[in-house]
Amino acid sequence: MTTKNEQLSLIWKKVQDRLSSAIQDQTVYNSFISSSSLLSLDDSKAVIVTDSEVSKKILSQDYQDVITNAICKVTESQYTIEIISKANLKQYKSGQEDKSGSSKTDKEFFKNCALQPEYTFENFVVGKSNAQAFQSAVYITNHQGSFNPLFIYSKSGLGKTHLLHAIGNAVKNSNPSLRVLYITSDDFIDEFVKFVQGDSDKESLKDYFRTIDFLLIDDIQFLVRKPATGTMFFNIFNMLVSQRKQIVITSDRSPNELDGLEDRLVSRFSQGLSVSIDKPEKKTLIEILKIKIKSNGLDPDLFDEDALEYIADNNSSNIRVLEGALNRILFFNVSAGNTEKITLEIVKQAFAGDSSSSSKKGDKVTPEIVIDQVSKYYSLTPSQILSKVRTLQIALARAIAMYLCRSVLGMSFANIGNAFNGKDHTTVLAAYKKVDNLLKTDPRMKKAVQELTKQLKA
Ligand code: ADP
Ligand code: MG
């Protein structure tokens, strides 16, 4: 791991290299630049420390522009510079602390992480495949710290995230004063990276976790091969366990299969209770379908029983895909103007010409499959995504499909353009950038892209 100081000196070394060729006069370079250092790079400001007042004066008067230029080139970002001398370092630092004041302890972490109220124990269908996971989840809700951690693992789309939120919602319902934090391991990594870059400090991050009663951490497999973050997580994990706080972890594989995660973390995970969720049996799938139909504001009796069976039979390995299929049928039904019962015939029609039904799983992912998955996710049709229609939702779905063609399939912008009815590569690039930016600010976008990526890689 490189510390913040190591990163700064690395950057400064590169800046010095540039300056040594930019500044003709070697004496200036040797006397003033080689003895200076980079103190910080924050808020678009670079602070440089010189070894004497004289150096400071000379660099500020005559070399400010050259240095600014070199820093911007090396970091590929815009910075203004401030030059201070070693003698004033202490004074400068205390001034900075005054400015930040008490904000450090008030700092808000994981601002975008919230419990999703729609995922509850009540609307989780229990069957043989998930009974153990469900019962353990309910149990720890009322017996904080009894199994630590509760580790739930399964393939994608089988209800892990649903159960995590359900635990959080149930805890909050029965005891609103308890503090629950739901995060994905990606969120944890993001926050950790901010700390490494100096935006948040280690102790305050640890202090923050100290206040949490239930830590629900989703998709721990993303911590694999991230040793520095893993170490931080290990410390936080131990601290919480020693205070009998409850930790619940989900993963796409069992603790022992988390290759690339530190052994000590794996062995901590194995000390708690590990439960898996399997592929649901048909009865459970049909129950889930009915619950999802109700949550769409419809009566499950609208569907003929054999129509429901058909949907379940053809989408049995991933409930997210099952929901996508249902959305597609509902959409098809509305656009076909049908107000009668939804029959097997209608369901079959809705899937006619479907090039990537789950029976095709395992085939090589193509742009068509990406477009198909994205359209299902947003209850659109592939032709809407490929059309020129620019309503907000369709344009966004199209941009996400383009983004995934790049991020999952590694296609060039020009080839993506071709796959989308001959769009220009600059259009694709703009869409890619838009999604990339939204990923940083919009948690729903992050969730959509994560889930779609998972589906495509499954
Ligand atoms: P995972 O986190 O395992 O990938 P999710 O929890 O995101 O899966 O589940 C995907 C979708 O399937 C969610 O909309 C969830 O509500 C639904 N789902 C999964 N299992 C069940 C269940 N047993 N009962 C009701 N809905 C379920
Ligand atoms: Mg999940």
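This is a predicted model: local features need pLDDT of at least 70, side-chain atom pairs count only at pLDDT 80 or more; totals for chains, interfaces and linings use all residues.
Two strands pair if DSSP finds at least two bridges between them.

Strand 1 covers residues 37-42, and strand 2 covers residues 45-50. The two run antiparallel, joined by five bridges. Where does leucine 41 find its bridge partner? In strand 2, at alanine 46. Now the turn. Two residues sit between the strands. Aspartate 43 takes a positive phi there, near 45°.

Next, the overall picture. The protein chain has 458 residues, and 45% of them are buried. DSSP gives 21 helices and eight strands. How far does the C-alpha trace span along its principal axes? About 85 × 60 × 35 Å.

On to ligand 1. The shell around ligand 1 holds 19 residues. Which are the closest? Gly157, Thr161, His162, Arg320 and Glu323. By class, the shell divides into six nonpolar, eight polar and five charged residues.

Valine 125 uses a backbone N or O atom, 2.8 Å from a nitrogen atom of ligand 1. Leucine 158 also uses the backbone: one of its polar atoms there is 3.1 Å from a ligand oxygen. Arginine 320 uses its side chain instead, with an N or O atom 2.7 Å from an oxygen atom of ligand 1.

How much of ligand 1 does the protein cover? On its own, ligand 1 has 560 Å² of accessible area, and the protein covers 98% of that.

Are cysteine 72 and cysteine 405 buried or exposed? Buried means under 20% relative accessible area. Cysteine 72 has 13%, so cysteine 72 is buried. Cysteine 405 has 0% relative accessibility, so cysteine 405 counts as buried too.

That is the tour. Happy to take questions.

Notes: Residues are numbered from 1 along each chain as its sequence is written. Chains are lettered from A and ligands numbered from 1 in the order in which they are written. Side-chain values use heavy atoms; hydrogens and water are left out. Buried means under 20% relative accessible area, exposed over 50%, partly exposed in between (1.4 Å probe, protein chains only). A residue is near a molecule or strand if one of its heavy atoms lies within 4 Å of it. A polar contact is a pair of N or O atoms within 3.5 Å; within protein, one must be able to donate a hydrogen and the other to accept it, and residues adjacent in sequence count only if both atoms are side-chain atoms. Accessible areas come from the Shrake-Rupley method with a 1.4 Å probe; for residues, only the protein chains shown count as cover. Ala, Val, Leu, Ile, Met, Phe, Trp, Tyr, Cys and Pro count as nonpolar, Asp, Glu, Lys and Arg as charged, and the others, Gly among them, as polar. Helices (H or I, at least four residues) and strands (E, at least two) are DSSP runs, numbered from the N terminus.
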